[in-house]
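Look at the sequence and the model, then try each question before you read on.

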Amino acid sequence: MKVVVIGAAGQLGSDLCAVLGERAVPLTHQQVDVNDPLGLLAVLRETRPDWVVNTAAFHRVDDCELDPGRAFRLNAVAPWNVARAAAEVGARTCFVSTDYVYGRDVPDPRRPWLESDPPAPLNVYGTSKVAGEDLVRQVQPEALVVRSAGLYGVRGSGKGWTFPQLMLHLAETRGAVRVVDDQVLSPTYTADLAAAIVSLMEDGAAGLFHVVNDGHCSWYEFAKRTFEIAGVEVDLAPQSTAEAGRRAARPPWSALASERLPRPLRPWQEALEEYLEKIGKVPAGRTR
Ligand SMILES: NC(=O)c1ccc[n+]([C@@H]2O[C@H](COP(=O)([O-])OP(=O)(O)OC[C@H]3O[C@@H](n4cnc5c(N)ncnc54)[C@H](OP(=O)(O)O)[C@@H]3O)[C@@H](O)[C@H]2O)c1
C-alpha cells in the first residue's frame, strides 16, 4: 500500500506518516497546493499511490466566518480537486472531516452522534466541511470519510497551540483560566486517529466513519483533566459560551461515537495522559 499524505507537516499528517513509515509519500503545503488541480494531478501521476489522504483544511473556525470563500475553497472545492485527481490515477481518497458538521441540534435523550445521524452544521467551517464530504463522495462514492474532533498531537496544531498546550501556557502566564463548560466534544489524540485511519485503509474500508477517542467531555473538563495529569495548580473556573463571546457559533453537543468501527479507540483520558507524557508535561513519579 502506497499512501500520499497531503498536509504532511500538520499534526495529523505527521502522525499518519509516522504510522505508515515507508508506505507514506509525505506532501507538505510547500510541495503541493490542494487549490492547484493540475499540480495535484502531476504529483499523483508521478507517485501512483493506492490512497490519497487529504488532511489540508482552513480550520480556524472564527476566521471561516470572516472569509467563507476561503473556507469553501479549502474545505470543499479543494477536497473535490483531490478526489478527482486521485480518481484519475486509480487511487482511493480519504477525506478528514469534523464533529462540527453537527451543532444545530442536540439528540434527545443525549447520546453521541453516530454515522447514520444527518449533519446539521451551525457555522461556516462545519457547512464547508459537509460540502467537502458531499463533493468527495460525488467523485468517489467509495471514498473514505473520517470525522474526528478536538485534535491534539505532538507536532502541534496549524492553529498555533494544541488545546492542552494552550491551557498549560495560560496557567503559567496568567494563573487563572476560564473555559467553556457548555460545549461537549470527544477530544482525540492524532496518534490514535492516524493508527485507526491506516487500519481502515488497510482493510479497504469505504464510506463514513466517526473516529474519536472514546467518551466525551466539555472543554472545561478537558482542561481540568489536563491540569490534573500535569500536576498544575491553577484557578480554573467554568464559563458559558455566551461569556466567551467568540465570533462563530459553536456546537453545544458534538460528542461522536461509531456504529461502524470494529472497536472503539481508547478513552480520551488515557490518550491525553500519553500525549502529555510525550511532550514532557507529566511530573516524574506520577503513576497511572
Ligand atoms: N484540529 C482539530 O481540532 C480538528 C478537529 C476535527 C477535524 N479536523 C480536521 O482534521 C484535519 C487535520 O487537522 P490538523 O489539526 O492536523 O491540521 P494542521 O495541523 O493545521 O495540518 C494541516 C496541514 O495542511 C496544510 N495545508 C493548508 N492549506 C493547504 C493547501 N492549500 N494545500 C496543501 N496543504 C495545505 C497545512 O500547511 P501550512 O500550515 O503550511 O499551511 C498543514 O500542514 C483537517 O481536515 C481538519 O479540518 C481538525
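Q: In which loop does Arg 48 lie?
A: This is a predicted model. Phi of Arg 48 is near 50 degrees, a positive value in a residue other than glycine. Arg 48 sits in the loop between helix H2 (37–47) and strand S3 (51–54).

Q: Is the peptide bond from Asp 108 to Pro 109 cis or trans?
A: Start with the place. Pro 109 is in the loop between strand S4 (92–98) and helix H5 (124–139). Now take the angle. Omega of the bond from Asp 108 to Pro 109 is near 0 degrees, and the bond is cis.

Q: Are the rings of Tyr 189 and Tyr 275 stacked or edge-to-face?
A: A search of the whole structure finds 10 aromatic pairs. In the pair of Tyr 189 and Tyr 275, the ring centres are 5.8 Å apart and the planes stand at 65 degrees. Planes over 60 degrees apart count as edge-to-face. The pair is therefore edge-to-face.

Q: How many residues apart are Tyr 189 and Tyr 275?
A: Tyr 189 is in strand S9 (residues 188–189) and Tyr 275 in helix H10 (residues 268–278). Both Tyr 189 and Tyr 275 are buried. The pair links distant parts of the chain, 86 residues apart.

Q: Which helices hold Phe 222 and Trp 268?
A: The rings of Phe 222 and Trp 268 have centres 6.1 Å apart and planes at 80 degrees, so this pair is edge-to-face. The two residues are 46 residues apart in the chain, and the pair links helix H8 (residues 219–230), with Phe 222, to helix H10, with Trp 268. The helices are H8 and H10.

Q: Is Trp 268 buried or exposed?
A: Buried means under 20% relative accessible area. Phe 222, at 0%, counts as buried. Trp 268 has a relative accessible area of 5%, so Trp 268 is buried.

Q: Which residues form one aromatic cluster?
A: Phe 222 and Trp 268 are among them.

Q: How many residues apart are Arg 23 and Glu 202?
A: The salt bridge count comes to 15. In one of them, Arg 23 and Glu 202 bring their closest N and O atoms to 2.8 Å. Arg 23 lies in the loop between helix H1 (11–20) and strand S2 (24–27), Glu 202 lies in helix H7 (residues 190–202), and the separation is 179 residues.

Q: Which residues are linked with Arg 147 in a network of salt bridges?
A: Arg 147 and Glu 133 meet in a salt bridge (2.8 Å, N to O). Both are buried. The network links Arg 147 with Glu 133, Asp 134 and Arg 137.

Q: Is Asp 192 buried or exposed?
A: Asp 192 meets Arg 266 in a salt bridge (2.7 Å, N to O). Arg 266 is partly exposed, with a relative accessible area of 23%. Asp 192 has 13%, so Asp 192 is buried.

Q: Is Glu 243 buried or exposed?
A: Glu 243 is in helix H9 (residues 241–244). Together with Asp 181, Asp 182 and Glu 221, Glu 243 forms a negative surface patch. Its relative accessibility is 56%, so Glu 243 counts as exposed.

Terms used
Residues are numbered from 1 along each chain as its sequence is written. This is a predicted model: local features need pLDDT of at least 70, side-chain atom pairs count only at pLDDT 80 or more; totals for chains, interfaces and linings use all residues. Side-chain values use heavy atoms; hydrogens and water are left out. Patches are made of residues with over 30% relative accessible area and no salt bridge: like charges are joined within 9 Å, nonpolar side chains (Val, Leu, Ile, Met, Phe, Trp, Tyr) within 5 Å. Accessible areas come from the Shrake-Rupley method with a 1.4 Å probe; for residues, only the protein chains shown count as cover. A salt bridge is a side-chain nitrogen of Lys or Arg within 4 Å of a carboxyl oxygen of Asp or Glu. Lys and Arg count as positive and Asp and Glu as negative; His and the chain ends are not counted. The place of a charge is taken as NZ of Lys, CZ of Arg, CG of Asp or CD of Glu. Helices (H or I, at least four residues) and strands (E, at least two) are DSSP runs, numbered from the N terminus. Buried means under 20% relative accessible area, exposed over 50%, partly exposed in between (1.4 Å probe, protein chains only). Rings of Phe, Tyr and Trp (its six-membered ring) pair if their centres lie within 6.5 Å; planes under 30 degrees apart count as stacked, over 60 as edge-to-face and the rest as tilted.
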